[in-house]
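Subject: Structure handover

Hello,

Here is the structure we spoke about handing over.

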Amino acid sequence: MKKIIEIKDFTKSFGSQTAVDNLSFDVYEGDIFAFLGSNGSGKTTTIRCLLDIYTPDSGTLHLFGRPYEFSMSKDIGYLPEERGIYTRSRVIDLFVYFGNLRGISTKDALDNAHQYLERVGLIEHKDKQVSQLSSGMQQKVQVGLALQHHPRLLLLDEPFKGLDPLNRQLFIEMFKELKEQGVTIVYSTHVIDEAQRLTDRLVIINDGKRKAYGTTEEVRKTHGSEHIHLEFTGKFPKRSELYTSVSTTKTAEIIPNKGVDPEEILQELLASDLRIISFRIDLPSLNEVFIALSKDE
Amino acid sequence: MNRMLVVAKFEYLKTVKRKAFWFATLFMPVMIVVIMAVSAFSSVEGSKRLEQVSESIDHITVIDEAGLISESLFSDPVFKGDSFEQARQQVQSGETDAVVFFPEDTLTSGSYQVVTKDVGLFQTFGYQGFAEALIQQSAYERIDDPTAIAMITQPLSSQVTVFGENGQTQPFGVERFIVPGVSLLFFFLSVFISGQYMLQSVAEEKENRMIENLLSMVSSRSLIFGKLLGLTGAAFTQLIVWAVLGGGAVIFGIANESIDVAIDFSQAPLETIPVNIIFTLLGFLFFASVMTGVGGIGTSYKDSQSLSSVFVILSVLPFYFITILLSDPNGVIAQVVSYFPFTSAMIFILRNSITTLSPLEVGFGLLINLVYVALAGLLALKLFNLGSLMYNRRPKMREIMHVLLKRG
């Protein structure tokens, strides 16, 4: 597979504080790639260095096989975490300005803008000042500025931050559609549940250091054992010699003790007064892996 | 299109489409003219006080062919003279301070002459006040004489000749004020108003969280220079509008005879205009660079505005002692503020317009202002890079100093 992003031995410090420490990972063409980490873990710094907004201290950061240069912005859509918009400009003027900055002609920028605005239901508002739009509409404009030029790579820093549920769903649908079109999507987040559903591959960082990296399944396998997900009626039995568990009145997530076969646990449960509705063996959720890796620190 | 030009075009259109831009363009000059009129009125009052100042001079010759001045008023330092030409030459050679000449037809023509060394605007006005005081005082001393009433009621105008240090004549009158007045007005309006646009542009971009997005497509250098270029264009648009409006008003006034001033433009120092334009441009670039740095480190537009007030005050400081500067444009104070970065361009414009600066001095002034612009631009870029992505807080003084002192 073709590498779209290649980061190798990358380090960045601010004064005496190391923000990112010797980080390495690759993103392949067509991937939806999640960049996971808690607040202040170094995600934004990495993206800023990748786009040459910050200068790295050491290491290699390549996009499309070479260091970033502004001419690449034609192929990249970037949505920063701290995003905003010129409130006193007309919607259509912003699309043309961003298009022109990416090296796209005014005519093409206008065509792209009309397509996008039509799609998200904002075409009637194209000549309005941004300040006249609702916050939900402004969010669509912000996202549109990153997507309007049909980029090959989308770099999204906390894309779900501040989105209302409707725009969030719209965004997820767009992710899936863009992936089908072959667009590579890299996004940072600390909303882990969403990442488990969406991503092909991921990296988890904590305090600027890589903690896990690979496909979602690989990371879940590598950093956790099999869990049993149970739905039941009756009284859930505690059997500490066989497992530990997190249970509610109707569900339980059972973590088998080392060397205990899940089948043995099933038999034990069937022998109890419990009425089992469903029994499923699965890997730990990405959320659990993420929390466990963060706790390791 | 080059990215810098894209930024310039966007900034230009964004600025000239604003209502505030046209408000400033159309109404600020009116306000300033009102302020200048009030100031001019104060100056007229001041010239009366200078009648006393003129008493301190060493030698003033009065030639009274019209026989208007009482003999009792001739006492040291006021001396009676016979030949206007001879007295004129004495002033030119620096032997005497001034000569006031009342020709035979003074009362019918309503005109007299003053010849003086270049002693600054207010002192020269003082000679005119002194001459008119002589006539009034003489009229009071012979109140029973029928000509006395004409002496008091006849409006008099003076033709003033000013000799420079080397004995060459210098213009004095409306012509002398047109260039410095208009130059300073344009300088003030374009530098301070357009400088504020720069502050607004950078600070709002930071406040609106747009900068990071832009910096992924264009370098900070191109972004700032593009803004400078676009806002310089906006400033020139303002200048053109003002020139058209001002020129139109003068032409309209002359055509309707509501402006009854005979302006001899050949006497105005028009040759200083190109240099004044360059100083205005340098002053704008310097001030806009300072505003860029301030906008970069402020947390919001309001915060940046309050930070910028320090630099605005520094820049307008010369207005507090404008009288001294006009009276003595080559004095110590004028020399000092000529080389202070925040006032240099403005003071050079003033001095270049009202006094004769040597080409060397003008050249050095341009060079030093160029250096100030380069330094301000460099520091502004560093401050912008430091603060533009620092949301919700200002950089600490330690961080600012570290960045400013860092090489490269």
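This is a predicted model: local features need pLDDT of at least 70, side-chain atom pairs count only at pLDDT 80 or more; totals for chains, interfaces and linings use all residues.

Chain A against chain B

On the side of chain A, 27 residues are in contact with 24 residues of chain B. The area buried between the two chains is about 2500 Å², and carbon and sulfur atoms give 59% of that area. Between chain A and chain B there are seven residue pairs in polar contact. Helices α1 (43–50) and α2 of chain A each supply at least two residues of the side that touches chain B. The largest share of that side, six residues, comes from α2(A). Sorted by class, the side of chain A that touches chain B has 13 nonpolar, eight polar and six charged residues. The count of salt bridges between the two chains is three.

Helix α2 of chain A

This helix covers residues 91–101, and ten of its eleven residues are buried, so the rest of the structure largely encloses it. Among the buried residues are V91(A), F95(A), F98(A) and L101(A). What covers them? The cover includes α3 (106–119) and α4 (135–147) of chain A, and also α1 (3–16) and α8 (211–215) of chain B. Just after the helix, G103(A) takes a positive phi of about 90°.

Salt bridges

Over all chains, a search of the whole structure finds 30 salt bridges.

- D93(A) and K17(B) form a salt bridge, with the closest N and O atoms 3.6 Å apart. Both residues belong to a network of salt bridges that links R90(A), D93(A), K126(A), D127(A) and K17(B).
- Within that network, the side chains of K126(A) and D127(A) meet at 3.3 Å, N to O. K126(A) is partly exposed, at 23% relative accessible area, and D127(A) is partly exposed at 44%.
- D31(A) and R201(A) meet in a salt bridge at 3.4 Å, N to O. D31(A) lies in the loop between β2 (17–28) and β3 (32–36) of chain A and R201(A) in strand β8, so the pair ties together parts that are 170 residues apart in sequence. D31(A) is buried, with a relative accessible area of 6%, and R201(A) is buried at 11%.
- R18(B) forms a salt bridge with E204(B), the closest N and O atoms being 3.2 Å apart. Because R18(B) is in the loop between α1 and α2 (19–53) of chain B and E204(B) is in helix α7 (residues 174–207), this pair ties together parts that are 186 residues apart in sequence. R18(B) counts as buried at 15% relative accessibility, as does E204(B) at 13%.

Backbone angles

Most residues other than glycine have a negative phi. D52(A) has a positive phi, near 65°. This residue lies in the loop between α1 and β4 (58–63) of chain A and is partly exposed, with a relative accessible area of 41%. D207(A) has a positive phi of about 50° and is not a glycine either. D207(A) sits in the loop between β8 (201–206) and β9 (209–215) of chain A and is partly exposed at 47%.

Chain B as a whole

Chain B has 16 helices and six strands, and buried residues make up 50% of its 408 residues. The chain is divided into domain 1 (3–40 + 176–405) and domain 2 (57–170). The centres of these two domains, taken over C-alpha atoms, are 43 Å apart.

Regards

Methods:
Residues are numbered from 1 along each chain as its sequence is written. Chains are lettered from A and ligands numbered from 1 in the order in which they are written. Side-chain values use heavy atoms; hydrogens and water are left out. Buried means under 20% relative accessible area, exposed over 50%, partly exposed in between (1.4 Å probe, protein chains only). Helices (H or I, at least four residues) and strands (E, at least two) are DSSP runs, numbered from the N terminus. Contact means heavy atoms within 4.5 Å. Buried area is the accessible area (1.4 Å probe) that two parts lose on being put together, summed over both. A salt bridge is a side-chain nitrogen of Lys or Arg within 4 Å of a carboxyl oxygen of Asp or Glu. A polar contact is a pair of N or O atoms within 3.5 Å; within protein, one must be able to donate a hydrogen and the other to accept it, and residues adjacent in sequence count only if both atoms are side-chain atoms. Ala, Val, Leu, Ile, Met, Phe, Trp, Tyr, Cys and Pro count as nonpolar, Asp, Glu, Lys and Arg as charged, and the others, Gly among them, as polar. Domain bounds come from an automatic or database domain assignment.
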